[in-house]
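I opened this entry to keep track of what I looked up, one topic at a time. The structure comes first, then my notes.

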Amino acid sequence: MKRTFGMIVLLGMSLPLFGIELTFGEADRMIEARKAGWLEKAKALQPTLLHETLTPTGIVTIAEDPSGFQGWKITGRKPFQPAPDFVLDFGRHLTGYFRFTLKAGRRPLHFPLRLRLVFGETPAEVMGDPDAKPTGLSRAWYQDEVVTIDFVPGEIALPRRYAFRYVRCTIPEYKQADGLFAFDGFFADAVTSADERKLAPCPVRDPAEQRLDAIARHTLRDCMQTMFEDGPKRDRRLWLGDLRLQALANYETYRNRDLVKRCLYLLAGLSEKDNIVCTDAYDKPVPRAGVCRILDYTALFAPTVLEHLDASGDRETAEDLWPMALRQLQYTLAPVDEDGLFRKAAVWCFIDWDRDLDKQAAEQGSILYGLMRTIELANRLGHRDQTAAVEPLVEKMTAAARRELWDANRRLFVSGPGKQVSMASQIWMVLSGVVTGQEARDCLVNAAATPGVRKPLTPYLRNYWIEALDVAGLRDDARRELMAYWGGMADRGADTFWEGFDPGDDFFSPYGNPLINSCCHAWSCAPCYFLRRWAKTR
Ligand code: RAM
């Protein structure tokens, strides 16, 4: 193997890797030859959605109440009766379509009948004012519509797909329209690619755990569409980080391995010219790459391929995608300097929606984690020779993390020039095996007890916190954390688990306006993964 130096140059930093240039070059050629075929395979794996027609369980009255989630609480329920402003309750969260039928009244409809409809995943969403706070995202994510009807009787089917349990209907000219029409029926067509008949039996016995398992499963199911969506309300996009957690939960529940395979092929097939995997994608109207590229998500491609191999035994797919898994190392390792330390990257480092989080240690850990899993995948597929050049980096990055980021006095990891203490740093250092055993336990426990420690703001990073506690041998703490955090959402009335949850702040939103948050969010489906796995190994 030819000795090459400085193959990776980004932001002026170089990493001396020996001989690997050759391997990446070969990977590039293989990717280019296979890419179009990957999109064909993704297309062939497109699932047929399952439909279920639902009718509302009745009308709910919702009142302002500071003890309710985001200040609103259901105060009563009754059967449907006509009113100028009413909220239908479909009894459960669903992803799907809405239609209603109207009857003619005693007199003809002599002006257009105008209704305002608001679809909500929570009571607060249908009652709150979406314009009260600006959002960094589009206001159009708020699910409201104005419908104008010229003729009755008739059926009005809204073309858009919504994520909802509640539908609020307001009729501004209700008085004038009295006697000109009547509601005849309301229907929801719920869609999903999760097949309840394939659901694995639930080994969880404890009722509190069963409650969380059911909500998590429901979350996963409503996100399972023609691909794994992050949230059926928003962004309706396939994100690699979300996909990994959905895939793991899906192996324990709906076991739709083909949907994981389709998503892996979509992300690989949609990779850009430089063959770096797409980290967010759409499948409609035709598959297209999104606009983001997240470093720590890229590092999760190989682990997701490896876990799919483990869950499905499908060696052919892993082999097919292997060059892609290998090729990502060139990108994820680029911001690592010659001493094996992650310095700074000019790309999006996500980790969590915490804008003040210093991400150095967490990125070091997630890149190292991805590297180790790529080597493991190589071993499984008999391609050890192709990762031989990067193997010494595991030791180098581990040593650099211990040398530069470990605070031996406090027995925890710090991050960045300000030596910030966060759970994110400990979590990824534990998951990447930089510390194990007592050291792993110490850093997780010591950081959590540090005043001002930055804690996860999203269920995404919480998920990895639970995993890290478990890996460190602290399963009881992992269970306690899980029950407290996801149980907190359940206690606040969650039908499906949310995109963001700060136990101290109902109004937390990464986007400025909590009504834009997604309340059925893929990366929050962890309980059905952990609780089911733990129940099998108690
Ligand atoms: C948001 C979505 C998605 C997540 C990205 C990083 O837009 O909630 O789930 O993966 O951010």
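I count a polar contact as a pair of N or O atoms within 3.5 Å; within protein, one must be able to donate a hydrogen and the other to accept it. I am working from a predicted model.

**Entry 1: S271**

I applied that cut-off to S271 first. The side chains of S271 and K35 are joined by a polar contact of 3.1 Å. I also found a polar atom of the S271 side chain 2.8 Å from the backbone oxygen of A268. I placed S271 in the loop between α6 (257–269) and β13. Is S271 buried or exposed? Its relative accessible area is 7%, so I put S271 down as buried.

**Entry 2: the ligand**

Next I went to the ligand. Which residues come nearest to the ligand? There are 13 residues around it, and D235, D242, Y297, E499 and H521 come nearest. I looked up distances for three of these residues. D235 has a polar side-chain atom 2.7 Å from an oxygen atom of the ligand. For D242, a polar side-chain atom lies 2.5 Å from a ligand oxygen atom. For Y297, an N or O atom in the side chain is 2.7 Å from an oxygen atom of the ligand. I then checked cover: of the 290 Å² of accessible area that the ligand has on its own, the protein covers 96%. I sorted the shell by class and got seven nonpolar, one polar and five charged residues.

**Entry 3: cis peptide bonds**

I went back to D235 for its backbone. D235 sits in the loop between α4 and β12. R234 and D235 are joined by a cis peptide bond, with omega about 5 degrees. I noted another cis peptide bond between K284 and P285, where omega is about -5 degrees. P285 is in the loop between β13 and β14. I marked both bonds because most peptide bonds are trans.

**Entry 4: the sheet**

I followed these loops to the strands. Three strands form an open sheet, in the order β12-β13-β14, with antiparallel pairing. I found W239 opposite D280 in β13.

**Entry 5: helix α4**

I checked the length of α4 (residues 207–223). With 17 residues at 1.5 Å a residue, α4 should span 24 Å, and its end C-alpha atoms are 24 Å apart, so the two agree. The helix is mostly covered, with 12 of its 17 residues buried. Among them are E209, L212, D213, R217 and H218.

**Entry 6: positive phi**

N275 has a positive phi, near 65 degrees. N275 lies in the loop between α6 and β13. At 0% relative accessibility, I count N275 as buried. I351 also has a positive phi, near 65 degrees. The place of I351 is the loop between α9 (315–332) and α10 (360–381). I count I351 as buried too, at 2% relative accessibility.

**Entry 7: F497**

Last, I looked up F497. F497 is in the loop between α16 (475–491) and α17 (526–536). Its relative accessibility is 0%, so F497 counts as buried. F497 and A346 are 151 residues apart along the chain, and their C-alpha atoms are separated by 32 Å.

Methods. Residues are numbered from 1 along each chain as its sequence is written. This is a predicted model: local features need pLDDT of at least 70, side-chain atom pairs count only at pLDDT 80 or more; totals for chains, interfaces and linings use all residues. Side-chain values use heavy atoms; hydrogens and water are left out. A residue is near a molecule or strand if one of its heavy atoms lies within 4 Å of it. Accessible areas come from the Shrake-Rupley method with a 1.4 Å probe; for residues, only the protein chains shown count as cover. Ala, Val, Leu, Ile, Met, Phe, Trp, Tyr, Cys and Pro count as nonpolar, Asp, Glu, Lys and Arg as charged, and the others, Gly among them, as polar. Two strands pair if DSSP finds at least two bridges between them. Helices (H or I, at least four residues) and strands (E, at least two) are DSSP runs, numbered from the N terminus. The expected span of a helix is 1.5 Å times one less than its number of residues. Buried means under 20% relative accessible area, exposed over 50%, partly exposed in between (1.4 Å probe, protein chains only).
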